[in-house]
Amino acid sequence: MSAVDAGLLLLRAALALLLLGHAAQKTLGWFRGAGLSGTAGMFHTLGFRPARPMVAVAAASETVGAVLLLAGAAVPLGAAAVCGTMAVAGAANADKGLWAHRGGYEVALAYGVTAAALAFTGPGAYSVDALLGAAEHPWWVGAAAVGLGLAAAMPVLLRRRAALRRGEAH
């Protein structure tokens, strides 16, 4: 067992399990989460419209990204889903600063950067991608994955900004 491959497996598993927990907080209310209704209320306050479907999209993106990263399957695609979702989450908390204890974007940044790093490194030898011969790829695949995630976040962020400008929050 290579130390790098073991480290990549640990990193993928940790990020994936945290993302799955994050999605379960949003939708099911597990782990002291607000559940679908409570999270929809928070999303509405933050300017995400329509709130309930936006919660479902966020949770689905986190779940799909987490499952792909955990399995090490289509890792650039899974990383793109996580990067995009975390860009939206981070932007929603940007006005509170970096640190999570103040409601900031620290967690979204950590999850997003970790996913981006995995998009560049690939999943390592202990992965579905490795079994398929696709664990290693050129640097630009990682860059494209991050770019795809950020591009997918833009319509959501622009829609939120428009809702906030119209005074639809709160």
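Colleague: Leaving aside neighbours within four places in sequence, which residues is Gly124 in contact with?
Modeller: Bear in mind that this is a predicted model. Gly124 is found in the loop between α5 and α6 (128-131). Setting aside neighbours within four places in sequence, the contacts of Gly124 are Asp5, Leu8, Ala130 and Ala135.

Colleague: Is Gly124 buried or exposed?
Modeller: The cut-off for buried is under 20% relative accessible area. Gly124 has a relative accessibility of 11%, so Gly124 counts as buried.

Colleague: And how far apart are the C-alpha atoms of Gly124 and Tyr111?
Modeller: Along the chain, Gly124 and Tyr111 are 13 residues apart.

Colleague: Tyr111 makes me think of Leu19; what is Leu19 in contact with, leaving aside its neighbours within four places in sequence?
Modeller: Leu19 belongs to the largest nonpolar core, which has 20 residues, and is one of those that touch the most other members, along with Leu15, Leu69, Val82, Met86, Ala115 and Leu118. Val82 and Met86 also turn up among the contacts of Leu19. With neighbours within four places in sequence left out, the list for Leu19 reads Glu62, Ala66, Val82, Met86 and Tyr111.

Colleague: Which elements give two or more residues to the largest nonpolar core?
Modeller: In soluble globular proteins, nonpolar side chains tend to be buried together. Here the core holds 20 residues. The elements giving two or more residues to this core are α1, α3 (51-71), α4 (75-92), α5 (106-121) and α7 (139-165).

Colleague: How many residues are in the other core, the one with Ala40 and Leu46?
Modeller: That core lies apart from the largest one. Val55 and Ala92 are also among its members. Its count is 12 residues.

Colleague: Now the surface: which residues make the nonpolar patch of about 310 Å²?
Modeller: One of them, Met1, is found in the segment before α1 (3-28). Met1 has a relative accessible area of 76%, so Met1 is exposed. The patch is made by Met1, Leu9 and Tyr126.

Colleague: What kind of aromatic pair do Trp30 and Phe31 form?
Modeller: A pair of aromatic rings is described by the distance of the centres and the angle of the planes. The count comes to 2 aromatic pairs. For Trp30 and Phe31, the centres are 6.2 Å apart and the angle between the planes is 90 degrees. With planes over 60 degrees apart counting as edge-to-face, the Trp30 and Phe31 pair is edge-to-face.

Colleague: And what about the rings of Phe43 and Phe48?
Modeller: Phe43 and Phe48 are both buried, whereas Phe31 is exposed at 56% relative accessible area. The ring centres of Phe43 and Phe48 are 5.4 Å apart and the planes sit at 50 degrees, so this pair is tilted.

Colleague: Backbone check: what is phi of Ala74?
Modeller: Ala74 is found in the loop between α3 and α4, and its relative accessible area of 33% makes it partly exposed. Its phi is positive, in a residue other than glycine. The value for Ala74 is near 50 degrees.

Colleague: Last one: what is omega for the peptide bond from Arg49 to Pro50?
Modeller: Pro50 is placed in the loop between α2 (35-46) and α3. The bond from Arg49 to Pro50 is cis, and its omega is near -15 degrees.

Key. Residues are numbered from 1 along each chain as its sequence is written. This is a predicted model: local features need pLDDT of at least 70, side-chain atom pairs count only at pLDDT 80 or more; totals for chains, interfaces and linings use all residues. Side-chain values use heavy atoms; hydrogens and water are left out. Patches are made of residues with over 30% relative accessible area and no salt bridge: like charges are joined within 9 Å, nonpolar side chains (Val, Leu, Ile, Met, Phe, Trp, Tyr) within 5 Å. Accessible areas come from the Shrake-Rupley method with a 1.4 Å probe; for residues, only the protein chains shown count as cover. A salt bridge is a side-chain nitrogen of Lys or Arg within 4 Å of a carboxyl oxygen of Asp or Glu. Helices (H or I, at least four residues) and strands (E, at least two) are DSSP runs, numbered from the N terminus. Buried means under 20% relative accessible area, exposed over 50%, partly exposed in between (1.4 Å probe, protein chains only). A nonpolar core is a set of buried Ala, Val, Leu, Ile, Met, Phe, Trp, Tyr and Cys residues joined through side-chain atoms within 4.5 Å. Contact means heavy atoms within 4.5 Å. Rings of Phe, Tyr and Trp (its six-membered ring) pair if their centres lie within 6.5 Å; planes under 30 degrees apart count as stacked, over 60 as edge-to-face and the rest as tilted.
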